[in-house]
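The following exercises are to be worked with the sequence and the model at hand. Each task is followed by a solution in steps.

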Amino acid sequence: MDVILLGTGSPLPSPNRAGPATLVRAGAVNLLADAGRGVVMRLAAVGVGPAALSAVLLTHMHSDHICDLNDVITSHWVMNTAPTALKVFGPKGAKALVEATLAMLAFDVKYRIDHHDDLNAGPVIETVELEPGDRFTVGDCAITAYQTDHSPVFPTLGYRIEQAGGVVAIAGDTVPCAGLDALCKDADIYVQTVIRDDLVKRVPLQRLQDILDYHSTVEQAAQTAERAGVRTLMLTHYVPNLMPGQEDQWRDIARPHFKGEIVLGDDLTSASVAPK
């Protein structure tokens with residue numbers, strides 16, 4: 001399995017970082033976790049068109065994680081040469097989100113059907129709302145949903161993806177909790193959104209200070225990884241934005257708490273699960 005950080009940004013706009021989105025490529029299976037701003041452009045950069053997506057996994061409904069779901073839906077629909085359902089998995093509320101997105105796209109869908117003789121129906125979305133502990137398969141990947149803690153945002157999910165003995169844990173936005181520990185247990189790769197609380201605390205803006213209580217810090221992500229026996233920790237969704245040349249600073253913060261490999265960087269940074 002290959003894990004690609006399609007977008008490493010956050011709600012804070014960046015000219016260089018797309019919004020939160022991670023691609024897991026496992027043989028013929030392409031799993032997209034979240035759909036932040038610019039996700040379709042980043043998919044194109046790694047040669048995976050929206051038509052090639054096997055499923056979308058939503059961790060929660062914060063806008064920065066879903067704002068380009070509409071682009072994924074439209075592009076998947078138009079770029080497939082035959083009617084093909086897009087599978088969307090997410091926590092409770094995912095169905096309402098998809099229905100609202102399709103309502104927003106209604107004008108566009110009508111225009112395209114009116115113009116193209118080979119388009120006779122709109123996008124088909126198979127949305128599945130999950131509870132913690134639910135397990136399902138996409139191709140030869142076994143995926144389990146775990147409850148995470150991004151309170152007061154509720155519900156939020158992380159996904160444990162298993163294929164051919166390899167394990168990838170996609171955590172989304174969360175603070176340390178029992179569900180996160182279970183999600184990451186003995187994972188080959190653990191992907192965690194993080195903040196630098198030392199830098200955020202310097203900004204005298206209450207709205208920014210508010211994020212401190214519901215995101216993992218770099219230290220906490222490293223501690224979770226060590227506690228769970230993770231092999232590789234991938235950091236993403238950097239707040240504040242990771243600036244060029246700061247990579248070693250962020251690694252140095254994590255290093256005292258985790259003995260494994262630490263991966264972070266620009267959009268399209270990747271890591272792979274070694275064959276077993």
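**Exercise 1. Two helix contacts of α3**

What is the handedness of the crossing of α3 and α4?

*Solution.* 

Step 1. The model is a predicted one. In it, α3 covers residues 69-79 and α4 covers residues 94-104. Their axes come within 10 Å and cross at roughly 70 degrees.

Step 2. Angles of 65 to 115 degrees count as roughly perpendicular, so α3 is roughly perpendicular to α4.

Step 3. The crossing of α3 and α4 is right-handed.

Step 4. On the α3 side, the contact is formed by Leu69, Asn70 and Ile73. They meet Leu97, Val98, Thr101, Leu102 and Met104 of α4. Sorted by class, this contact holds 6 nonpolar, 2 polar and no charged residues.

Step 5. For the second pair, α5 comprises residues 106-115, and its axis and that of α3 come within 12 Å, crossing at roughly 15 degrees. Angles under 35 degrees count as roughly parallel, so α3 is roughly parallel to α5.

Step 6. The crossing of α3 with α5 is right-handed. Here Thr74, Trp77 and Val78 of α3 meet Asp108, Val109, Arg112 and Ile113 of α5. The class count for this contact is 4 nonpolar, 1 polar and 2 charged residues.

**Exercise 2. The pair α9 and α10**

At what angle do α9 and α10 pack, and how far apart are their axes? Assign the angle class and describe the contact.

*Solution.* 

Step 1. Helix α9 spans residues 218-228 and helix α10 spans residues 247-254; the packing angle is about 55 degrees, and the axes lie 8 Å apart.

Step 2. The crossing of α9 and α10 is right-handed.

Step 3. Val218, Glu219 and Ala222 of α9 face Trp250, Ile253 and Ala254 of α10 in the contact. The residues divide into 5 nonpolar, no polar and 1 charged.

**Exercise 3. Backbone features**

Which residues are joined by cis peptide bonds?

*Solution.* 

Step 1. Ser151 and Pro152 are joined by a cis peptide bond with omega of about 15 degrees. Pro152 sits in the loop between β8 (141-147) and β9 (157-163).

Step 2. Val239 and Pro240 are likewise joined by a cis peptide bond, with omega of about -5 degrees. Pro240 sits in the loop between β12 (232-239) and α10.

Step 3. His237, found in strand β12, has a positive phi near 55 degrees although it is not a glycine. With a relative accessible area of 2%, His237 is buried.

Step 4. Leu268 lies in the loop between β13 (261-263) and β14 (269-272). Its phi is positive, about 80 degrees. At 34% relative accessibility, Leu268 counts as partly exposed.

**Exercise 4. The position of Gly36**

Where is Gly36 found, and which residues does Gly36 touch beyond four places in sequence?

*Solution.* 

Step 1. Gly36 is found in the loop between β3 (29-33) and α1 (39-45).

Step 2. The relative accessible area of Gly36 is 0%, so this residue is buried.

Step 3. Gly36 touches Gly19, Pro20 and Ala21, as well as Asp64, His65, Cys67 and Asp68.

Step 4. Val48 is 12 residues from Gly36 in sequence, and their C-alpha atoms are 16 Å apart in space.

Technical notes
Residues are numbered from 1 along each chain as its sequence is written. This is a predicted model: local features need pLDDT of at least 70, side-chain atom pairs count only at pLDDT 80 or more; totals for chains, interfaces and linings use all residues. Side-chain values use heavy atoms; hydrogens and water are left out. Axes are lines fitted to C-alpha atoms, for helices over the stretch in contact, and angles run from 0 to 180 degrees between N-to-C directions. Helices (H or I, at least four residues) and strands (E, at least two) are DSSP runs, numbered from the N terminus. A crossing is left-handed if the near helix is turned anticlockwise from the far one by less than a right angle, and right-handed if clockwise. Contact means heavy atoms within 4.5 Å. Ala, Val, Leu, Ile, Met, Phe, Trp, Tyr, Cys and Pro count as nonpolar, Asp, Glu, Lys and Arg as charged, and the others, Gly among them, as polar. Buried means under 20% relative accessible area, exposed over 50%, partly exposed in between (1.4 Å probe, protein chains only). Angles under 35 degrees count as roughly parallel, over 145 as roughly antiparallel, 65 to 115 as roughly perpendicular and the rest as oblique.
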